[in-house]
Amino acid sequence: MRHFLNTASIALLAATMLVSSAAQAAPLWLERKFIPTPELVDPIFAQNSDTKTVDVDHSAFDSLLETYLVPEPGTVSRVKYSDITAADRAALGSYIASLEAQDVTRLTLDQQKAFWINLYNAATIGLIVDQYPVKSIRNVKVDGKGPWDLPLVTVNTVDLTLSQIENHVLRALFDDPRLHYALNCASIGCPNLAARAYTAETLETMLENAAIAYVNDPRGAAIEKNRLVISKIYGWYREDFGNTADTVLAHLRRYARGDLAAALANVTKIKKHRYDWALNDAASRPEG
């Protein structure tokens, strides 16, 4: 089987270990240095079909999300990880296996985009369930490897980690910052896990809605004491949002609504970035 791990991925692993063990998070400029360059993991993934000739069945993932996701529009959606039964974990495994069996070169670009998003999210849920209970995905370690550097799936004979799906497939293939709103890393600070699987037909609407939802949530952007505080996602992946503070602000203004939109009209600087790595676990949901 082919497998690719470039120096950026190795550096990311080192940085993750460093930040995880530190009492305080590393400065954002340092964390950004360890974000992998979006280079395609294997040339086979650059192939696609011009027309839709096959269907990809995501109904099993829809069923799992309907049963175990606690959607909270306007705030943090959580997953009932502790309630996922052995039978449903097996069904999730079968769904992931069905995606692994798919020849992605036969899919259209929109089908591929939805395929990779769903595979990332499903594999992340499976990883958390297998390691549960954990307080954060950053606490996951198997055979000395962190959560993003574990080979979890094999597609078209290529072994892939979560980091590779995100950085060396999705980011490498698609120039679309909204991907960051679709991928859920099982953390409070992350954009919410969608209530349904992505499909080629729903892709554009779901990505737009996910962008609006996150930007207008305090996890995405908030005005605090007349200063703008935004997610570290916009710092880590700044190049995906235009690579300057001004282009990040322009992106936020595009999706901001209501009071946030009015406030951003007068904002010229980003004061602070933040991110909450606590697990998006329904069992740990604060009461009240």
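What we have here is a predicted model, in which local features need pLDDT of at least 70 and side-chain atom pairs count only at pLDDT 80 or more, while totals for chains, interfaces and linings use all residues. Residues are numbered from 1 along each chain as its sequence is written, and side-chain values use heavy atoms, with hydrogens and water left out.

Let's begin with the overall picture. The protein chain holds 11 helices and 7 strands; these are DSSP runs, numbered from the N terminus, with helices being H or I of at least four residues and strands E of at least two. Of its 288 residues, 50% are buried. Buried here means under 20% relative accessible area, exposed means over 50%, and partly exposed is in between, with a 1.4 Å probe and protein chains only. Among contacts with a separation of 6 or more, 74% link residues 24 or more positions apart. The chain exposes about 13500 Å², and carbon and sulfur atoms supply 52% of that. Those areas come from the Shrake-Rupley method with a 1.4 Å probe, and for residues only the protein chains shown count as cover.

Now to a sheet. Strands of a sheet pair through backbone hydrogen bonds, either parallel or antiparallel. In this work, two strands pair if DSSP finds at least two bridges between them. The sheet I want to show you is open, has 3 strands in the order S5-S6-S7, and mixes its pairing. Its edge strands are S5 and S7, the latter at 270–274, and each pairs on one side only. From one strand to the next, the twist averages 30°. Axes are lines fitted to C-alpha atoms, for helices over the stretch in contact, and angles run from 0 to 180 degrees between N-to-C directions.

How do S5 and S6 run relative to each other, parallel or antiparallel? They are antiparallel: S5, residues 221–224, and S6, residues 227–231, are joined by 4 bridges. Ile223, for example, has Leu228 in S6 as its bridge partner. The two strands form a hairpin with 2 residues between them, and Lys225 in the turn has a positive phi of about 55°. Asn226 sits in that loop between S5 and S6 too, and its phi is near 65°, again a positive value in a residue other than glycine. Asn226 counts as exposed, at 78% relative accessibility.

Lying across S5, S6 and S7 is helix H10, residues 245–255, which runs at about 85° to S6. Have a look at His251 in that helix. At 10% relative accessibility, His251 is buried. Which residues does His251 touch, not counting those up to four places away in sequence? They are Pro177, Tyr181, Tyr234 and Phe241. Tyr234 is 17 residues from His251 in sequence, and their C-alpha atoms are 9.8 Å apart.

Tyr234 and Phe241 are both buried, and they also form an aromatic pair, edge-to-face, at 5.0 Å centre to centre with 70° between the planes. For such pairs, rings of Phe, Tyr and Trp (its six-membered ring) must have centres within 6.5 Å; planes under 30 degrees apart count as stacked, over 60 as edge-to-face, and the rest as tilted. The whole structure has 10 aromatic pairs, and Trp148, Trp236, Tyr275 and Trp277 form one cluster.

Ser187 lies in the loop between helix H7 (179–182) and helix H8 (203–215), and is buried at 2% relative accessibility. Leaving aside neighbours within four places in sequence, Ser187 contacts Ile137, Tyr275, Asp276, Trp277, Ala278 and Asn280.

What about disulfides? A search of the whole structure finds 0 of them, a disulfide being a pair of cysteine sulfur atoms within 2.5 Å. Cys185 is buried at 8% relative accessible area, and Cys190 is buried at 4%.

Pro133 is in the loop between helix H5 (109–131) and strand S3 (153–155).

Methods. Contact means heavy atoms within 4.5 Å.
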